[in-house]
Amino acid sequence: MIVSSEKTISNELNKPKVLLELKGIKKYFPIKGGVLKRKQGDVKAVENVSLQLYEGESLGVVGESGCGKSTLGKAILGLEELTEGQIYFQDTEIQHLKRKEKIKFIKQMQMIFQDPYASLNPRQRIGHALEEVFTMHTNMSAGEKRQAVIDLLEEVGLKEEHFDRFPHEFSGGQRQRIGIARAIALNPSFIICDEAVSALDVSVQAQVLKLLKKLQQKYQLSYLFISHDLGVVRYFCDRVLVMYLGNTVELGTVKELFDRPLHPYTQALLSAIPRPSVHTKHKRIRLQGDLPNPANPPSGCPFHTRCPIAADVCKGEKPEWVEYEPNHFAACHFAGQPIA
Amino acid sequence: MMGETLLEVKNIVTEFRTADGQLPAVRDVSFSLKKGETLCIVGESGCGKSITSLSVIGLLPSNGKITSGEILYEGAPIHNLPAEKMRQIRGNKISMIFQEPMTALNPVLTVGFQLREPLMLHHKLSKSEANKQGIELLKQVGIPYPEKRMNQYPHELSGGMRQRVMIAIALSCNPGLLIADEPTTALDVTIQAQILDLMNDLKSKFNMGVMMITHDMGVVAEVADRVMVMYAGKKVEEGNVNEIFDNPKHPYTKGLLNSVPNVDDPDFELEAIPGSLPSLHEQIDGCRFHARCKFATDICRSKEPPLSKISDTHHVSCWLEEEEGKLG
């Protein structure tokens, strides 16, 4: 008896704590048309996504544009209303909480956007824009707020003198730092980075990635890192989720997924990345065609129209989400089969 | 197959007239391009790489001007041609693909109309002949149902398709030189791979010279024969693609290579270049990179480095190399 209870304790210690859990999330956008604007169908932007995000980890979400990765991020934050499914944050179902209750949790979830310039008021000084966060959520005095903002600016590598500047006076990298400052202002535990470094030049991108990593270590942050750049994801993330047409196709640790991708789509994505090296010329797997229209997704496996190893079963039957190896999931009838 | 020199750019300076006075965006840049060769120009946004290409094709904004230097296309100067003459070259001998196909294509004209236009203007084809050739071109760039696409509008096509249409238009008159300004930046990786393959195929088929502007070192390794690295309006290093990747000399080139995360190497440590690109009107003494360079010495802060030769094809403009050369 004693032995077994010790065992459970040690298991619990080793197991990372779940911060966020998604259960069967669906988000459909209605398509309306005709004279009466009747609903004619749905764009299935996110189709039945379930996953767990642990404390202090970075989970990358990759896929082509239109695969639903941004919608997933917005749905988690409540910026899009879910069609179906539940979101648990720190073991609490947050969807149906009253507004007052909800705010407590929402404060801990923040987002960093791709283009910080678009999310800043061009006529408002940066310091004042950042102060608004504290005006909304705390009872600080004006002096305290100013000090808090200056601390924030320094935290993200800016200086006190930037307080009174306008957004246009900053470079792209600095603006992204402001976006980060705003996101960490309320000591969140979870941040969604939606293509946060995609618009930056490589040298600045590296600076911002390093800053995000530093903050993660300092504040035990969890990131949901939405990106289309697999190189960045490999560098930055612990686990990766691959999405295709709103469906999750593969989930695994960075190492597993990059070294031994199970799903043919993941294999194709990985082989399509141009490598910054002149010696390792490898054969690319050429995917034919474009992403199908999400309003009219293919039957069966959504990837079968472009999949080089698709068989009849793929057209008819949607593959199950299966844990093939510990912590390595995929949805494919032929998971693990090499395609080229 | 690489043969005679197609394009020669000699010491061009491109300046912009602004409220703050003349701003030089390209400072004394020289390079050349042979037929059948791909030259990649790399650098961060604002380093002058796009302005260099716009100078070549004569599409500078109205306040921009090439104030000195020469651009020779097949031996003849093109930098001082009158607008009408330049128009006959543009789209005919030199053509360009832009980053955003949606903004480069006219949204209210059909794909067919935009594809026929250069053929009718430059090659004086009749509408039906141009139509036939347009369909042929769409086939060449791998667009399914080309007859149907001719009557569609740009918004009806996907991003990859639009970029293919742009390429078809650019290639319609068999240009000798194709300038591609970040042609795949806006595309997804799987589509990017398709477009890069397509451009490589077409290049060897038509023996074109290609000038590709990009900031993605992965793309460079994939397509380039030669690479030119620019920083703040200046050329800092130039060499064959192998020389640049295996033996980068300039600290900036090294920095660029080290700031791209490596997909195949899990333990790769990113090394960011500190700071950001100086603005155009900033007066910088000495080497323009010295403020961000960890090897900077006194001479870097006071005197501009000359171009030193590493090999016949590999040149770098850095004091470190110059000093080393003297010692060796």
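Which strand of chain B pairs with strand 6 of chain B, and in which sense? Select strand 7 (residues 177–181) of chain B: the two pair in the parallel sense over four bridges. Strands pair here if DSSP finds at least two bridges between them. Strands (E, at least two residues) and helices (H or I, at least four) are DSSP runs, numbered from the N terminus.

This is a predicted model: local features need pLDDT of at least 70, side-chain atom pairs count only at pLDDT 80 or more, and totals for chains, interfaces and linings use all residues. Residues are numbered from 1 along each chain as its sequence is written, while chains are lettered from A and ligands numbered from 1 in the order in which they are written.

**Stop 1: strand 6 of chain B.** Select residues 94–97 of chain B. Ser95(B) stands opposite Leu178(B) in strand 7. Both faces of strand 6 are covered. Ile94(B) and Met96(B) are buried on one side, Ser95(B) and Ile97(B) on the other. A residue is buried if 20 or more other C-beta atoms lie within 10 Å of its own, exposed if 12 or fewer, and partly exposed in between; C-beta atoms are placed from the backbone.

**Stop 2: helix 1 of chain B.** Select residues 49–57 of chain B. Nine of the nine residues are buried, so helix 1 is largely enclosed by the rest of the structure. Step on to Gly58(B), just after the helix: it takes a positive phi of about 75 degrees.

**Stop 3: helix 11 of chain B.** Select residues 251–258 of chain B. Six of the eight residues of helix 11 are buried, so this helix is also largely enclosed by the rest of the structure. Pro251(B) and Tyr252(B) are among them. The buried residues pack against elements including helix 7 (202–219) of chain A and strand 3 (38–42) of chain B.

**Stop 4: where the chains meet.** Show both chains. 36 residues of chain B are in contact with 35 residues of chain A. Contact means that C-beta atoms, placed from the backbone, lie within 7 Å. Helices 8, 9, 10 and 11 of chain B each supply at least two residues of the side that touches chain A.

**Stop 5: a sheet in chain A.** An open sheet of four strands has the order 2-1-4-5, with antiparallel pairing. Strand 2 (38–54) and strand 5 (92–93) stand at the edges, each with a single partner strand, so one side of each is left without a neighbour in the sheet. Now select strand 1 (residues 18–33) of chain A: 12 bridges join it to strand 2. Find Glu21(A); its bridge partner in strand 2 is Gln52(A).

Definitions and conventions. Contact = placed C-beta atoms within 7 Å.
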